Each structure stands twice: as structure tokens, then as C-alpha cells.
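Here is a quick tour of a protein model and its ligand. Have a look at the structure first, then read on.

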Amino acid sequence: MAKSLTSRVAVYTGMFDPVHLGHLDIIRRGSRLFDRLVVGVGINPEKAPLFTAEERVDLLRQVVKRFDNVEVEAFDGLAVRFVRDVGANVMLRGLRTLTDMEYEFTMTLTNLSLDNELETIFLMAKEEYSHVSSTLLRQIASFKGDLSKFVTSEVKDALERKFQE
Ligand code: ADP
């Protein structure tokens, strides 16, 4: 897709450790709202994710390949800088619960104080995914529970492999 200067570009950041159907639903809806959607996979040296950044990017690329206006990139440092680097001024976020809202409110205000031209757009999680989180999935996987309702088959296989290692 052409990257014209006037196209509407948004960035959706997260750890995606690993990507699940709740994330994928936000990506699908975001891909319809924007001309181009860049998914930013956070590299946070203070966190020890289950999947490496390369693995998280790779899984995301596999699950978003059906959307031709969605790209996936890893980033470190400030999310607001990453948003600017890819030529966007909109951050897309998903909201599950009231707890998410409190955190997102603080993050949005912080990001605005770093870049006052940045807009954050929230999409409410679909009811069926509103309880799904990567943390929960890692726990289910560690107890060899059934993951098929929450993730695509490639992510299910990857999670199962992690806990066989
Ligand atoms: P998680 O909490 O699952 O580890 P991330 O930190 O990767 O997720 O979250 C990235 C973004 O995706 C955040 O905006 C978060 O609110 C959103 N998100 C996470 N899980 C869901 C879900 N089940 N439905 C909708 N949005 C979600």
C-alpha cells in the first residue's frame, strides 16, 4: 500500500507475549479504520518475556498476513517516538476492563505531555475477549490447558512448544 503523507496511519503497541484473539480483533478493526496500521512490538529490558522479540514479531506477522495494510515492527525506547518514526500521530489501544482504563488514562496523559499532537484512540474489547490476556494464556499453557479458544493455531503450537522445552 502507498505510504502517502496524507494517509491515516495508526500505531498499535504492546508486548504481544504472545498475540491472542483479543489483540487480533483490535488489529482487524483498526485495519478498517486506518489506511495503514503499524503494530509495534515492545522490547523492554526490564521485562523478561516468554517469547523473544523476534519470536513475537514472527508470530504476529504470521497472524496478520491476511491484512494487506498491517505491518509489524519491533521497537525499543519511547512508544511516542516510535509512532513519529513510522509517520503516524495516532495510537490505537484496546480497552478491556476498568483496571485497563485507569492505566490507559495515565499512559495517555503521559504520552500527551511528551507529544501534544498525538491522539490516542480506544477500541472497546469484544465481550468474548474482554477477559483474555497474554498473562492468562501463559498460565493456561504452563498447566497444559486448552488454548484453542484464545489464540490462532500457530500461536497455540508455539505456546505448547515453549512449555515442552
Ligand atoms: P496483554 O495485557 O494481553 O499482555 P499487551 O500488553 O500486549 O496485552 O496489550 C497491548 C494492547 O492490547 C493494549 O492496548 C491492551 O489494552 C490491548 N489488549 C490486550 N488484550 C486485549 C483484549 N483481550 N481485547 C482488546 N484489547 C486488548
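What volume does the largest pocket have?

## The pocket

About 1,100 Å³ is the volume of the largest pocket, taken as the space filled by probe spheres set on grid points that are joined across faces, edges and corners. This is a predicted model, where local features need pLDDT of at least 70 and side-chain atom pairs count only at pLDDT 80 or more, while totals for chains, interfaces and linings use all residues. Residues are numbered from 1 along each chain as its sequence is written, and side-chain values use heavy atoms, with hydrogens and water left out.

A pocket here is an open set of points on a 1 Å grid over the protein atoms alone, where a 1.4 Å probe fits, with protein on both sides within 12 Å along at least five of seven lines; lining residues have an atom within 4 Å of a point. Of the 43 lining residues, T13, G14, M15, R93 and Y103 are the closest to the centre. Helix 4 gives the largest share of the lining, eight residues (helices are DSSP runs of H or I with at least four residues, strands are E runs of at least two, numbered from the N terminus). By type, the lining splits into 20 nonpolar, 16 polar and seven charged residues (Ala, Val, Leu, Ile, Met, Phe, Trp, Tyr, Cys and Pro are nonpolar, Asp, Glu, Lys and Arg charged, and the others, Gly among them, polar).

## The ligand

The ligand sits in that largest pocket, meaning more than half of its atoms lie within 2 Å of the pocket's grid points. Strand 1 (9–14), helix 1 (21–33), strand 4 (90–95) and helix 4 (98–114) each give two or more residues to the shell around it. There are 19 residues around the ligand, with Y12, G94, Y129, V132 and S134 coming nearest (a heavy atom within 4 Å counts as near).

Now the polar contacts (N or O pairs within 3.5 Å). Ligand oxygen atoms are 2.6 Å from a side-chain N or O atom of Y12 and 3.1 Å from one of H23. A ligand nitrogen is 3.0 Å from a side-chain N or O atom of R96.

The loop between strand 1 and helix 1 holds P18, and the peptide bond from D17 to P18 is cis, with omega near 0°. F16 is in this loop too, with a positive phi of about 50° although it isn't a glycine. Most residues other than glycine have a negative phi, and most peptide bonds are trans.

Methods
Polar contact = N/O pair within 3.5 Å; in protein donor to acceptor, adjacent residues only side chain to side chain.
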